[in-house]
Amino acid sequence: MSADRQAQEASARYDEFCTMVDAAVFNSVTQCADTGVFTSPMVKVNLIRDRYIAGEIERTAQMASEIHMEVSEAVSGHYGSVNDSEMPPMPAIDTLRVALSLQAQKIASSAEASVNQFRMNVVNGKKVGSSVSQAARNAASLVTGADRNFSDRRGKEWKGNVYVRTLWRQAYIWSEASSVMFMVADHKKSLAVIEHPEESHASNGIIISVTGADGYPTWEQVRDKHFHPNSRAKLKPYGD
């Protein structure tokens, strides 16, 4: 499955997760508005969060396995020999899992904050009826919109689903490239080349050193510029 497809599906799963959290909060506060009895939805919200995180971890493992098999076949085909390599380290996958867990926890925490505010309004003497109904709507709205945004280190605001989609694309692209480098080295070779679908693109044809001992740029030196989340560049084995 391509990076684009992986990212799109991950974004859709994130939206579904947020919708389920919204529903749990909204059902709880509107039930209170109707009956005067408040039951916290946080047990359900946390269960939704945990299931989402577990599902994403499983899918990242599937993605890593697919990348490993595809790269292994491609590199072996290039050199005309097969090495039964174990799955290489993919630190970008670990980074993705952490980021997704943090974002899921942020949504759950935002839901808890809205629920606590609603409960305080009720405890402080607001009558069950129109005022509580309005409080219910306010509580439900607090877990949407800006609370779902993510601010990066540069202060840029990202919509949650766009952020998740970007995380997945970056993890896929970096994991694929790191797998190529690992398997090139496993074949006792030291060079890889960047290929881009546009032949005139600045990154196309750049040779990099897997070992850092050949006088060519290293992965660390080309990574951020040529393998950003929207990149269409691919790393390929170079030479015979």
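**Reading the helix packing and core of a predicted model**

Reply: In this predicted model, α5 and α6 pack at an angle of about 155°, with axes 12 Å apart.

Me: How do I read that angle; what is the orientation of α5 and α6 to each other?

Reply: Angles over 145 degrees count as roughly antiparallel. α5 and α6 are therefore roughly antiparallel to each other. As for handedness, α5 passes α6 in a right-handed crossing.

Me: Which residues make the contact between α5 and α6?

Reply: From α5 come W174, A177 and M181, and from α6 come W219, R223 and D224.

Me: At what angle do α2 and α5 pack?

Reply: The angle between α2 and α5 is about 40°, and their axes lie 9 Å apart. The crossing of α2 past α5 is right-handed.

Me: Which residues of α2 and α5 meet?

Reply: On the α2 side they include E56, R59, M63, I67, V71 and Y79. On the α5 side they include W168, Y172, S175, V180 and V184.

Me: Where do helices such as these sit in the whole chain, and in what order do the elements run?

Reply: The chain has 6 helices and 5 strands. Starting at the N terminus, the order is α-α-α-α-β-β-α-β-β-α-β.

Me: How many residues are in the largest nonpolar core, and which of them touch the most other members?

Reply: The general idea comes before the case. In soluble globular proteins, nonpolar side chains tend to be buried together. Here the largest nonpolar core has 52 residues, and those touching the most other members are F17, V45, M63, W168, I208, F227 and L235. Two or more residues come from each of α1 (3-35), α2 (42-79), α3 (91-123), α5 (160-186), β3 (191-195) and α6 (219-226). α5 gives the most to this core, with 12 residues.

Me: Which residues does L235 touch, leaving out those up to four places away in sequence?

Reply: L235 touches A177, V180 and M181, as well as A192, V193 and I194, and also I208 and F227. A177 and M181 also belong to the contact of α5 with α6.

Me: What share of the chain is buried?

Reply: Buried residues account for 42% of the 240 in the chain. The accessible surface comes to about 12,900 Å², with 51% belonging to carbon and sulfur atoms.

Me: What share of the contacts between residues at least 6 apart in sequence join residues at least 24 apart?

Reply: In this chain the share is 72%.

Conventions
Residues numbered from 1 in each chain as written. Predicted model: local features only at pLDDT ≥ 70, side-chain atom pairs only at ≥ 80, totals over all residues. Heavy atoms only, no water. Helix = DSSP H or I, 4+ residues; strand = E, 2+ residues; numbered from the N terminus. Buried < 20%, exposed > 50% of the residue type's maximum accessible area, 1.4 Å probe, protein only. Contact = heavy atoms within 4.5 Å. Areas by Shrake-Rupley, 256 points an atom, 1.4 Å probe, with all protein chains shown as cover. Core = buried A, V, L, I, M, F, W, Y, C linked by side-chain atoms within 4.5 Å. Axes fitted to C-alpha atoms, helices over the stretch in contact; angles between N-to-C directions. Parallel < 35°, antiparallel > 145°, perpendicular 65-115°, else oblique. Left-handed = near helix turned anticlockwise from the far one by under 90°.
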